[in-house]
Amino acid sequence: MTDSIRTRPVPGSAGPPTPTAQAAPPPRARSPWSRVRPAAVGLPLAGLVVTVAVWWVVTSGLHLVHPSSLPPPQAVWTSLTVSADVLFPALGTTTLMTVLGFLLSTVAGVLIGMALAASRRAERMFAPLLVAINAVPKIALGPLLVVSVGWGSKPILTMVFLLCFFPIVLSTATGLTTTPADLAELARSLNASWWQSFRKVRFPAALPQIFVGLKVAMPLAAIGAVIGEFYSDKPGLGYQILQYNGVGDTATAWAAIVLIAAMSILLYSALSLVERLALPWVRATTSAR
């Protein structure tokens, strides 16, 4: 205790010297991994365990569903291990198509959203058309895409684009047209040009809203890739689902569906991580979660 405290006499006082504490050491820099809470990993695992348990009870415990409609989890796991040499290469194909289609949708959606936000006349002209395109059932376009763009990757990427671009366009346009008034006034008071105001104020302020659209579009990208593979010769998971279901092997078809779900979770988690790293101020200014 005495080593960490120095004493100095008080001028004009005959009493004992007054203790003064040393300056506190600077705080240590916290590692990004120190903020990872056990609940962030434990709760999703607990949810997975509960889901598999309910699945087992419904299929094997109480026999509420026929195995041909929904195989029990142990049958799906066995089929996954037996057909791993087919399913995992198909998973790689579907993942590649999903990511490529999502990136194309992101670039086009952000650019279209910026154009709609920059011109009210353009928004009035093209917004109804975008709504109409989004309202068309995409699965009905599958056979037409094969005729229009041919076989291979083109119908898959087109299907992913059609499913993903609308939420990205909407979130981008909404974010760019709802800039906080105090930030816009600050840019005007500093005589910022349109480009300076867009680059320094409007676009950074719109990023949280844009990421909302991206996170909505990410699962849709996986759905679009699978639907596109129904009408393509690419041996992805959608193609494998049709093949195994056609021969009555529903357990392996469900194993492919489980892989699609796992892929979607991983891609969504990766996008959420990118959001946390790119927008560190959002958590500090909006919520304590």
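Contact here means heavy atoms within 4.5 Å. The legends describe a predicted model, in which local features need pLDDT of at least 70, side-chain atom pairs count only at pLDDT 80 or more, and totals for chains, interfaces and linings use all residues. Residues are numbered from 1 along each chain as its sequence is written, and side-chain values use heavy atoms, with hydrogens and water left out.

Figure 1. Ala-122 lies in helix H4, where helices (H or I, at least four residues) and strands (E, at least two) are DSSP runs numbered from the N terminus. Setting aside residues up to four places away in sequence, Ala-122 touches Ala-115, Leu-116 and Ala-127. Ala-122 counts as buried because its relative accessibility is 18%; buried means under 20% relative accessible area, exposed over 50%, and partly exposed in between (1.4 Å probe, protein chains only).

Figure 2. A pocket is defined on a 1 Å grid over the protein atoms alone, as an open set of points where a 1.4 Å probe fits, with protein on both sides within 12 Å along at least five of seven lines; lining residues have an atom within 4 Å of a point. The volume of the second largest pocket is about 190 Å³, a volume being the space filled by probe spheres set on the points, with grid points joined across faces, edges and corners. Its lining includes Leu-116, Glu-123, Ala-127, Leu-130, Phe-166 and Val-169. H3, helix H4 (120-135) and H6 each supply at least two residues of this lining, and the largest share, five residues, comes from H6. The lining divides into nine nonpolar residues, two polar and one charged; Ala, Val, Leu, Ile, Met, Phe, Trp, Tyr, Cys and Pro count as nonpolar, Asp, Glu, Lys and Arg as charged, and the others, Gly among them, as polar.

Figure 3. The structure holds one aromatic pair. Phe-161 and Phe-165 form this pair, which is stacked, at 5.4 Å centre to centre and 5 degrees between the planes. Rings of Phe, Tyr and Trp (its six-membered ring) pair if their centres lie within 6.5 Å; planes under 30 degrees apart count as stacked, over 60 as edge-to-face and the rest as tilted. Both residues lie in helix H6 (residues 154-176), four residues apart, about one turn of the helix. Phe-161 counts as partly exposed because its relative accessibility is 25%, whereas Phe-165 counts as buried at 4%.

**Figure 4. Nonpolar cores.** A nonpolar core is a set of buried Ala, Val, Leu, Ile, Met, Phe, Trp, Tyr and Cys residues joined through side-chain atoms within 4.5 Å. The largest such core has 41 residues, and those with the most contacts inside it are Leu-87, Phe-102, Leu-214 and Leu-237. At least two residues of this core come from each of helix H2 (73-82), helix H3 (84-118), H6, helix H8 (194-230), helix H9 (237-246) and H10. H8 supplies the largest share, 12 residues. A second, separate core of six residues includes Leu-130, Phe-165, Phe-166 and Val-169.

Figure 5. Beyond its neighbours within four places in sequence, Leu-214 is in contact with Phe-102, Thr-106, Ile-168 and Leu-271. Thr-252 is found in helix H10 (residues 250-278) and counts as buried, at 2% relative accessibility. Not counting residues up to four places away in sequence, Thr-252 touches Ser-79, Ser-83, Leu-87 and Tyr-244.
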